[in-house]
Amino acid sequence: MAIQTGTPSKTTIRLPNNWRPRDYQKNLWHYLSGGGTRAIAVWHRRAGKDDVVLHHTACAAHKRVGNYWHCMPEYAQCRKAIWTAVNPHSGKRRIDEAFPNEIRESTNESEMFIRFHNGSTFQAIGSDNYNAQMGASVVGIAYSEWALAHPGAWGFHRPILEENNGWAAFITTPRGRNHAKAMYDMALQTPGWFAEKLTAFDTKALSGEQLDASLKEYIALFGRDVGTSQFQQEYLVDFNASVLGAFYALEMMDVRKERRIAEIVPDYDRPVHRAWDIGVHHDTAIVWFQMVGGQIFILDVYGANNVGVEHYAGVIAQRRKQHGWIDGHDFVPHDAKVMEWGTGRTRIETMQDYELHPTRIRGVTKADGIEAARRAIALSVFHPRTEEVLVAALEQYHRKWDEEQKTFSKEEEHDWTSHYADAFRYLGLAWQALPVIQPPEPRRTGWVIPPPPDEPIVRRYAGMRL
């Protein structure tokens, strides 16, 4: 498309600017440019995913005046990955290639914000603070590295796009069988959605020599098994590849292998407890659970940020009414006696004001807490409504990679998974203090093992065949 700039010279600029989609990019490009509104592209590393959506955004912003976002997993990543990233082939910033200066009215470098002459805007945002955009009106969002993003971002942004008849494009490489895998599977079965998975062998964007060099580098860094798995994830877009440095990799593999993500019927005569990871100005996460017959039923999960205890009390009341659960303990970290939430009172006192039931967990080292979480996972059955957030977080929660030492550190990588993993860690320390409750009747409570693919349905009830 050709547009005239708002400058006195009225220069004509053609969009996309000095760029054409490669052959393997054309399916996604034609879908979006043809008016498609929902797309997920699971492409290999270095396939030019961000280039496609940035140039599409430039075109879309000049077809329809509105606000457009490029959402990275964390806001801190936006500057390095999008705003200052340089195309090695041209020596120019990718942001300047997609949005040439001639079409801009102003650019705010500190806020990574562009206003175009026609009134549209572009901004880079992070999924780690997705509800900070409350009240904003947006008509197009590109989610980059969606598998690493906070899955709650889409749930928060979707109503805005639906109201505005806007579009969303999710681009990513896999990170285990998490919310990105669930979205890709859903998109394959949903009319109107675009879904595509492209390996390095599909696109031929990289030569055999380049792929061989990448595989050798991964093996040199991580060893043969882990290095090969990492290569399969990044270049063969393998959803089954393990997440590097994951704390609970083996335990969560057993959860899926034993099909312990299943429909659960809790014991409605017994309490349902909650384990909290409490943040102040950051995420707070809550996990609902119940002990039944020596098993831990993981019934629900919720997380939010930048809200107070009254918000969480309201969510708990809503869950109680919706499911008919009896309130149990609210297990909170041992430091919950500190004064927080801006009230001048302790967290425990504030929770009690809202008729919650806080119980402090004993203080232990993080390493001991992680071991407790591992033991808890081995006994846990997860309700499907926890899969997209909690199960995904436990699968992805991982150690930091030390570039200098070329090894994983003992410390975790702080991202959206941390708070959910911490809440489960507190659950791992809390459940042992609860009495083991046997289900009063075999058919009253239990869980149904989902059938494996292409096999007859096998129903189980509290571990007993019906």
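Student: Which residues line the largest cavity, and what makes a residue a lining residue?

Tutor: Val272, Arg274, Trp288, Ile316, Arg320, Trp325, Ile326 and Asp327. They count because each has an atom within 4 Å of a cavity point. The model is predicted: local features need pLDDT of at least 70, side-chain atom pairs need 80 or more, and totals for chains, interfaces and linings use all residues. Residues are numbered from 1 along each chain as its sequence is written; side-chain values use heavy atoms, leaving out hydrogens and water.

Student: Why is this called a cavity?

Tutor: On a 1 Å grid over the protein atoms alone, a 1.4 Å probe fits there but cannot get out. The largest cavity holds about 40 Å³. One cavity of 30 Å³ or more is counted.

Student: Which elements give two or more residues to the lining?

Tutor: Strand E12 (271-277), helix H11 (309-323) and strand E15 (326-332). Helices are DSSP runs of H or I, at least four residues, and strands are runs of E, at least two.

Student: What makes E5 and E10 edge strands?

Tutor: The open sheet runs E5-E6-E7-E4-E8-E9-E3-E10, with mixed pairing. Strand E5 (104-108) and strand E10 (193-198) each pair on one side only.

Student: How do you know that E6 and E7 pair?

Tutor: Pairing needs at least two DSSP bridges. Strands E6 (113-116) and E7 (121-126) have three, in the antiparallel sense, so they pair. In one of them, Arg115 meets Thr121 of E7.

Student: Which strands does helix H5 lie across?

Tutor: Helix H5 (152-164) lies across E3, E4 (67-72), E7, E8 (140-144) and E9.

Key
Contact = heavy atoms within 4.5 Å. Axes fitted to C-alpha atoms, helices over the stretch in contact; angles between N-to-C directions. 1 Å grid on protein atoms, 1.4 Å probe; cavity = no way out; pocket = protein on both sides within 12 Å on 5 of 7 lines; lining within 4 Å. Points joined across faces, edges and corners; volume = space filled by probe spheres on them.
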